[in-house]
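Please look through the sequence and the 3D structure shown here, and keep both in view while you read the briefing that follows.

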Amino acid sequence: MSFLEQEGRGALRLDNLIDLARAMRIDDLSALVGRRFTATALEVPEHPAVPEIRHALTHSLLDPVPDARPGSPAHLEYRIRHAWDAWHVSRTQNTQLGLLLPSLLRDTTVLTRATTGAQRRRAYAIATRVYLIGQRFAYGVRALNLAVQFTDRALLAADMSDDARLMALAGWGSAMTSLTAQQPLEAEQIALAALRHVARPASTSDASVRGALLLFAAMGAASDRRTVDAWHHWEEAERLATEIGRHVDVETMFSAVNVGIYAVAVNMECGRTSNAVTSAADLDPKRMPSSNRRATHFIDLARTYDKAGDRDAARRALLDSVEASTETIVFNPDGRRLVASLARAGVAPNDELVNLADLLGLL
């Protein structure tokens, strides 16, 4: 227990507590912190596609270059659009990307290794987009080490592409990875540093990336409980969303609706539960065309209602999340923890939430 005594508040990080519980062979973390939640509720399963994707990411560079000609850039760009469609539309978006990514990674690597001259920048632009899809998959299934690998590859490929928007987009992916790793200050700093690549947006696409970066900066500041900075970033993102109108960016999902969704999340992270509930009341999540984004929003909303003491509303929001995406909650630690907590709160045995908790392996 000397680690707890020496490290103080730092020992309350969930990853530290889980490691400590494993070392001490404790199944219930309440034995350490006096709260009722279990290690199984905190840990997420490994998605079955992770090993193959990790193998494709590494071995596509280590293996000899195939004799066959690489696929055309146009065809790879078509496959990238198809992958984004699968991510946004499917209720099993992680599994869909898990099926598409290995061959996409291998074929893209062949293209970058075989392309020379004027076409090389286009090849690396394609690689940047593929690595960002991989980062989104790794983020979605909480495979943090894999997400870091994809983040680094995306930044390097974007630099090789000499495309300012792609550099900003790779920075956005990096900020996402830092938020997932519970490093809010780093996430904010990365997002703000990446803004310089889209300092003067020349297109709606540029403005969307800038807005998405500002939203991540807002989340970083909010998670660091710097409320004034968080809302300053959010308000600038809101101005951009107003300027671009009804446009929804395919890669970042930046739009007026997403800015509204982040208002709920920022309020939640800042500890302003009543404001979060008010912000949520003004939203129509059905206008968000991404199943994963809707599902994540409903998890945030459930946490807000739970903190407000409205368990029925929290329960409904969790079930709405599953309706939007059957996979998002499986790999979301906050969602899993709340499902476990509510399922133990004495609801009826045939309740849908109890069935959900059982399917997630939380009972």
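In which helix is His 297 found? His 297 is found in helix H16, which covers residues 291–307, where helices (H or I, at least four residues) and strands (E, at least two) are DSSP runs numbered from the N terminus. This is a predicted model, in which local features need pLDDT of at least 70 and side-chain atom pairs count only at pLDDT 80 or more, while totals for chains, interfaces and linings use all residues. Residues are numbered from 1 along each chain as its sequence is written, and side-chain values use heavy atoms, with hydrogens and water left out.

**The chain as a whole**

- The protein chain has 19 helices and zero strands.
- Of its 363 residues, 53% count as buried, a term that means under 20% relative accessible area (1.4 Å probe, protein chains only).
- Among contacts (heavy atoms within 4.5 Å) between residues at least 6 apart in sequence, 66% join residues at least 24 apart.

- His 297 counts as buried because its relative accessibility is 1%, and, leaving aside its neighbours within four places in sequence, it is in contact with Ile 261, Val 264, Leu 283 and Pro 285.
- Thr 304 also has its place in helix H16, and it counts as buried because its relative accessibility is 0%.
- With neighbours within four places in sequence again left aside, Thr 304 is in contact with Val 264, Met 268, Thr 273, Ala 276 and Val 277.

**Helices H5 and H7**

- The axes of helix H5 (residues 50–62) and helix H7 (residues 93–114) come within 9 Å and cross at roughly 10 degrees, where axes are lines fitted to C-alpha atoms over the stretch in contact, and angles run from 0 to 180 degrees between N-to-C directions.
- This crossing angle makes H5 roughly parallel to H7, a description used for angles under 35 degrees.
- Residues on both helices make the contact, among them Glu 52, Ile 53 and Ala 56 of H5 and Gly 98, Leu 101 and Pro 102 of H7.
- The residues of this contact divide into seven nonpolar, three polar and three charged, where Ala, Val, Leu, Ile, Met, Phe, Trp, Tyr, Cys and Pro count as nonpolar, Asp, Glu, Lys and Arg as charged, and the others, Gly among them, as polar.

**Helices H8 and H9**

- The axes of helix H8 (residues 120–140) and helix H9 (residues 144–161) come within 8 Å and cross at roughly 160 degrees.
- That angle makes H8 roughly antiparallel to H9, a description used for angles over 145 degrees.
- The residues of the contact of H8 with H9 divide into 15 nonpolar, five polar and three charged.

Conventions:
Buried means under 20% relative accessible area, exposed over 50%, partly exposed in between (1.4 Å probe, protein chains only). Angles under 35 degrees count as roughly parallel, over 145 as roughly antiparallel, 65 to 115 as roughly perpendicular and the rest as oblique.
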